[in-house]
Amino acid sequence: MLRTSNPRSPRPAAVRPSPRRVAKAPPVEPRLLLLNKPFDVLTQFNDADGRATLKDFVPVPGVYPAGRLDRDSEGLLLLTNDGRLQARIADPKHKLPKTYWVQVEGEASEAQLQQLREGVTLNDGPTLPAEARRLQDPTLWPRTPPVRFRKSVPTCWLELIIREGRNRQVRRMTAAVGLPTLRLVRVRIGPWALDGLQPGEWREVPATL
């Protein structure tokens, strides 16, 4: 028997093309702020638990962090209202160098520094080589609360320059070579540096890279 299609059967719905994403237009006035983020401050503008955030220090609407800095770390944080500039700064593929001054427990040996320079293996894979050197005790603001030391164990300062952005990377790198981090201060990102900013202070610079 010859079968014919049911004339009343519904026609398949036409497939509509998905809307194309339109790139967000850059702001009329791009802004870039340099903030010295204090210790124990979250890198966000709101917190349901009432902890200190960027809102306590930056009264500028419409800017957002370009990258992150851990709550227990201090130093340079960049904020901008320009999404493209934010991505250019924060995306690790651009390998923008970030400079940290790190107080560690123990006396760093040349062998440990060489390990950092060659890259160390973390639980999420090997790191890129870092620039690492011993640093004379830098002149910095006192941390509140102070760092807790063990009187029987010496400490020293290192300067580390990395070009990645993994979670707590510097702390994990120093721990991997036997030098636990006690204090971590970011002093430079690419061409931008703290240059005298005290904790909680910020200044505006040209929004270019």
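1. Strand 1 (32-37) and strand 11 (residues 202-205) run antiparallel and are joined over four bridges; here two strands are said to pair if DSSP finds at least two bridges between them, and strands (E, at least two residues) and helices (H or I, at least four residues) are DSSP runs numbered from the N terminus. The model is a predicted one, in which local features need pLDDT of at least 70 and side-chain atom pairs count only at pLDDT 80 or more, while totals for chains, interfaces and linings use all residues. Residues are numbered from 1 along each chain as its sequence is written, and side-chain values use heavy atoms, with hydrogens and water left out.

2. Strand 1 is also joined to strand 3, in the antiparallel sense, by six bridges. Within this pairing L33 has L79 as its bridge partner in strand 3, and L34 stands opposite L78. Six of the six residues of strand 1 are buried, so the strand is largely enclosed by the rest of the structure; buried means under 20% relative accessible area, exposed means over 50%, and partly exposed lies in between (1.4 Å probe, protein chains only). In a regular strand the side chains alternate between the two faces of the sheet. In strand 1 both faces are covered, with L32, L34 and N36 buried on one side and L33, L35 and K37 buried on the other.

3. Strand 3 (74-80) is likewise mostly covered, seven of its seven residues being buried.

4. Which residues have the most contacts inside the largest nonpolar core? They are L116 and L158, in a core of 30 residues; a nonpolar core is a set of buried Ala, Val, Leu, Ile, Met, Phe, Trp, Tyr and Cys residues joined through side-chain atoms within 4.5 Å. Strand 1, strand 3, strand 4, helix 2 (110-118), strand 8 (155-162) and helix 3 (169-176) each supply at least two residues of this core, and strand 8 gives the largest share, with four residues. As for L158, and leaving aside neighbours within four places in sequence, the residues in contact with it include Y100, W101, L113, L116, L135 and L179; contact means heavy atoms within 4.5 Å. A second, separate core of 16 residues includes L32, L34, W141 and V185. In soluble globular proteins, nonpolar side chains tend to be buried together.

5. Helix 2 has Q112, L113 and L116 as its buried residues. Seen down the helix axis, these fall within an arc of 100°, taken over the directions from the axis to the C-beta atoms, so they line one face of the helix. They pack against strand 7, strand 8 and helix 3, whereas E110, A111 and E118, on the other side of helix 2, are exposed. The helix is followed by G119, which has a positive phi near 100°.

6. The buried residues of helix 3 are Q169, V170, R171, M173 and T174, and what covers them includes strand 4, helix 2, strand 5 (121-122), strand 8 and strand 9 (181-189). Just after helix 3 comes G178, with a positive phi of about 85°.

7. E105, which lies in strand 4 (residues 98-105), is buried, with a relative accessible area of 16%. The side chains of E105 and R150 are joined by a polar contact of 2.8 Å, a polar contact being a pair of N or O atoms within 3.5 Å; within protein, one must be able to donate a hydrogen and the other to accept it, and residues adjacent in sequence count only if both atoms are side-chain atoms. Not counting residues up to four places away in sequence, E105 also touches, among others, V153, P154, G178 and L182.

8. T127 is found in the loop between strand 6 (125-126) and strand 7 (131-135), and T127 is buried, with a relative accessible area of 7%. Leaving aside neighbours within four places in sequence, the contacts of T127 include G119, E164, R166, Q169 and M173.
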